[in-house]
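My entries follow in the order in which I made them.

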Amino acid sequence: MRNSVALLVSVIAVVLGLGLAVLVDDGGHRVAGLPLLAALALFAFVVQWLVFVPSFMRQTEHYYDLTGALTYAGAILLAAGFSSPDARGWVIAALVLVWCGRLGSFLFLRVKRSGRDARFDTLKPYWGRFLMAWTLQGLWVFVTLLAALVAGSSP
């Protein structure tokens with residue numbers, strides 16, 4: 001896969017995530033003029049891209065899974081902060097935090113123990129491919145968290 005194809009996949013992933021966010025958002029909450037879910041989708045992508053830069057420069061995937069888990073936590077906490085959820089919303093947020101803490105720490109420690117994650121061996125040398133992996137993680141975080149975001153931020 002060439003960098004240009006990887007960049008196209010990244011653009012499609014962002015459009016898909018933001019499009020889905022706008023499609024399912026009820027319009028009840030806004031952040032900086034954006035619908036809440038669009039802002040959270042954008043947050044998920046931006047966090048990935050910010051960590052991609054030093055990861056590519058150092059040619060390491062050690063923080064990939066940890067970044068995914070922290071993005072989960074950040075997104076659910078931002079959703080709760082911007083939507084003032086009821087008890088149900090706080091329970092959902094707490095369960096997401098427990099889940100992402102458990103999974104994120106397990107995956108992070110696994111990579112630290114083994115020294116590498118073989119999934120990235122063919123991606124790391126190419127910035128477009130490596131960026132695609134980080135962008136797809138942003139999409140994965142948002143899409144898999146979407147039900148909890150909707151349920152937790154709905155009245």
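**Entry 1: salt bridges**

I began with Arg119 and Asp65, whose side chains meet in a salt bridge at 3.5 Å, N to O. I count a salt bridge when a side-chain nitrogen of Lys or Arg is within 4 Å of a carboxyl oxygen of Asp or Glu. Arg119 sits in the loop between α4 and α5 and Asp65 in helix α3, so this pair ties together parts that are 54 residues apart in sequence. For the elements I use DSSP runs, numbered from the N terminus: helices are H or I of at least four residues, strands are E of at least two.

I noted that the model is predicted: local features need pLDDT of at least 70, side-chain atom pairs count only at pLDDT 80 or more, and totals for chains, interfaces and linings use all residues. Residues are numbered from 1 along each chain as its sequence is written, and side-chain values use heavy atoms, with hydrogens and water left out.

Next I checked how covered the two partners are. Buried means under 20% relative accessible area, exposed over 50%, and partly exposed in between, with a 1.4 Å probe and protein chains only. Arg119 has a relative accessible area of 47% and is therefore partly exposed. Asp65, at 10%, counts as buried.

Arg119 has a further salt bridge, to Asp117, with the closest N and O atoms 2.6 Å apart. Asp117 counts as buried at 7% relative accessibility. Salt bridges that share partners join Asp65, Arg110, Asp117 and Arg119 into one network.

I searched the whole structure and found 6 salt bridges. One of them pairs Glu61 with Lys124, the closest N and O atoms being 2.9 Å apart. Glu61 lies in the loop between α2 and α3 (64-83), and Lys124 in the loop between α4 (87-114) and α5 (127-153), so the pair ties together parts that are 63 residues apart in sequence. I found both Glu61 and Lys124 buried.

**Entry 2: charges and surface**

I counted 12 positive and 7 negative side chains, and the centres of the two sets lie 9 Å apart. Lys and Arg count as positive and Asp and Glu as negative, while His and the chain ends are not counted. Each charge is placed at NZ of Lys, CZ of Arg, CG of Asp or CD of Glu.

The protein exposes about 8000 Å², and carbon and sulfur atoms supply 73% of that. These areas come from the Shrake-Rupley method with a 1.4 Å probe; for residues, only the protein chains shown count as cover. Buried residues make up 45% of the 155 residues.

**Entry 3: overall fold**

I listed 5 helices and 2 strands. Along the sequence they follow the pattern α-β-β-α-α-α-α.

How does the radius of gyration of the protein compare with that of a compact globule? With 155 residues, such a globule would be near 15 Å, and the protein has 16 Å, which agrees. The radius is taken over C-alpha atoms, and the globule rule is 2.2 Å times the number of residues to the power 0.38. The C-alpha atoms fill a box of roughly 45 × 35 × 20 Å along the principal axes.

I then looked at contacts, meaning heavy atoms within 4.5 Å. Among those between residues at least 6 apart in sequence, 80% join residues at least 24 apart.

Thr71 is in helix α3 and counts as buried at 1% relative accessibility. Leaving aside neighbours within four places in sequence, I found Thr71 in contact with Phe43, Ala44, Val47, Gln48 and Val141.

Phe43 is in helix α2 and is partly exposed at 25%. With the near neighbours again left aside (within four places), its contacts are Thr71, Gly74, Ala75 and Leu78. Phe43 and Phe142 are 99 residues apart in sequence and 9.2 Å apart in space, C-alpha to C-alpha.

Val51 is in helix α2 (residues 36-58) and counts as partly exposed at 23%. Beyond four places in sequence, Val51 is in contact with Tyr63, Thr67 and Trp134.

**Entry 4: positive phi**

Ala32, a residue other than glycine, has a positive phi near 50°. I placed Ala32 in the loop between β1 (30-31) and β2 (34-35), and it is exposed at 80%.

Gln59 has a positive phi of about 55°, although it is not a glycine. Gln59 is in the loop between α2 and α3 and is partly exposed at 33%.
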